[in-house]
Amino acid sequence: MQKRSAFALAVTALTALALTGCSAGSSADDGRVRVVASTNVYGDIASTIAGDAVEVTSLMSDPAQDPHSFEANAQSQLAVSKADILIENGGGYDGFMDTLRAGSKNTKATVLNVVDLSGKKAQNGELNEHVWYDFPTIQKLTTALTDALSKADPAQKATFTKNADAFAGKLAALQNREAELRSQYAGEGAAITEPVPLYLLDAIGLVNKTPEKFSAAIEEGDDVSPLVLHETLALFSAHQVKLLAYNEQTSGPETERVLAAAKQAGVPAVPVTETLPKGKDYVSWMNANIDAVGAALSK
């Protein structure tokens with residue numbers, strides 16, 4: 001599903017500013033490999049695998065910022081122009097990466113599109129692009145990134161491989177935790193404000209009861225019809241769901257009403273985010289998400 005159009009940027013002005021004094025392609029004069037990721041989620045994963053041998057830049061890194069309102073700037077353009085490896089989510093989530101790449105004229109960088117790596121396709125015309133909540137997809141990214149790093153800096157291949165293997169072990173542990181919850185709670189209902197955590201909830205075996213028109217409208221920043229809002233609120237008063245997973249980086253009158261309805265009905269609300277919270281790495285973040293879902297389901 002496409003993100004809201006607030007990702008727009010003034011590409012002509014940015015290109016003129018960012019490319020002043022820099023050449024196309026990688027310009028790492030110090031010989032270090034440069035990785036640029038669209039969000040700090042992928043930036044953290046890159047840092048975990050690359051270690052200190054690589055310079056990693058995350059374009060979206062403020063956990064307090066609504067990702068829907070992110071606007072790339074000249075500094076972003078400059079970073080992309082120097083990158084050896086670019087990591088983008090794809091699926092329409094971070095379309096600014098395509099614009100920045102075109103403006104930078106960096107044709108030498110290896111581009112890792114995580115949605116493409118995932119192999120996931122749109123269903124009923126809609127794609128849930130929040131693939132960082134899908135651990136098999138992150139494993140595919142790990143493999144592709146390790147290969148790209150090893151090609152860019154062969155001398156560090158053993159380090160990259162060792163770090164990637166350790167990270168893969170932690171991903172497997174996360175999947176084991178999902179499977180444990182699935183064995184206890186598969187088939188239970190859940191509600192969402194946006195599709196952000198759906199891959200995680202699906203892996204646990206929860207059934208999304210939210211009217212599709214509600215979560216789609218919230219994600220796109222559109223108004224929710226009174227009928228759809230009524231149907232969504234009824235999930236809580238009728239006790240059809242065990243939890244509400246809500247995107248705490250975006251809010252509005254409809255989501256506030258949904259949160260209030262969940263609280264009134266005694267349905268636990270689990271906050272989720274689109275970018276890495278302060279003080280967390282990817283694994284600790286996802287462990288905390290699983291902890292929160294497990295605690296909600298046990299009530």
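**View 1. Strands β7 and β8 in the parallel sheet.** Strand β7 (residues 243-247) is joined to β8 by 4 bridges, and the two strands run parallel; strands are taken as DSSP runs of E with at least two residues, helices as runs of H or I with at least four, both numbered from the N terminus, and two strands pair if DSSP finds at least two bridges between them. Within this pairing, N247 has V272 in β8 as its bridge partner. The model is a predicted one, in which local features need pLDDT of at least 70 and side-chain atom pairs count only at pLDDT 80 or more, whereas totals for chains, interfaces and linings use all residues. Residues are numbered from 1 along each chain as its sequence is written, and side-chain values use heavy atoms, with hydrogens and water left out.

View 2. The open sheet is formed by 4 strands in the order β6-β5-β7-β8, with parallel pairing. Because β6 and β8 (269-272) stand at the edges with a single partner strand each, one side of each is left without a neighbour in the sheet.

View 3. Strand β5 pairs with strand β6 (residues 207-208) in the parallel sense over 2 bridges, and V207 in β6 is the bridge partner of G189.

**View 4. The packing of helices α3 and α4.** Helix α3 (residues 74-82) packs against helix α4 (residues 96-104) at an angle of about 65°, with their axes 9 Å apart; axes are lines fitted to C-alpha atoms over the stretch in contact, and angles run from 0 to 180 degrees between N-to-C directions. The two helices are therefore roughly perpendicular to each other, a term that covers 65 to 115 degrees. From α3, S76, Q77, V80 and S81 meet L100, R101, G103 and S104 of α4, contact meaning heavy atoms within 4.5 Å.

**View 5. The surroundings of N113.** N113 lies in strand β4 (residues 110-113) and is buried, with a relative accessible area of 15%. Not counting residues up to four places away in sequence, N113 touches E88, N89 and G90. The C-alpha atoms of N113 and L141, which are 28 residues apart along the chain, are separated by 8.6 Å.

Definitions and conventions. Angles under 35 degrees count as roughly parallel, over 145 as roughly antiparallel, 65 to 115 as roughly perpendicular and the rest as oblique. Buried means under 20% relative accessible area, exposed over 50%, partly exposed in between (1.4 Å probe, protein chains only).
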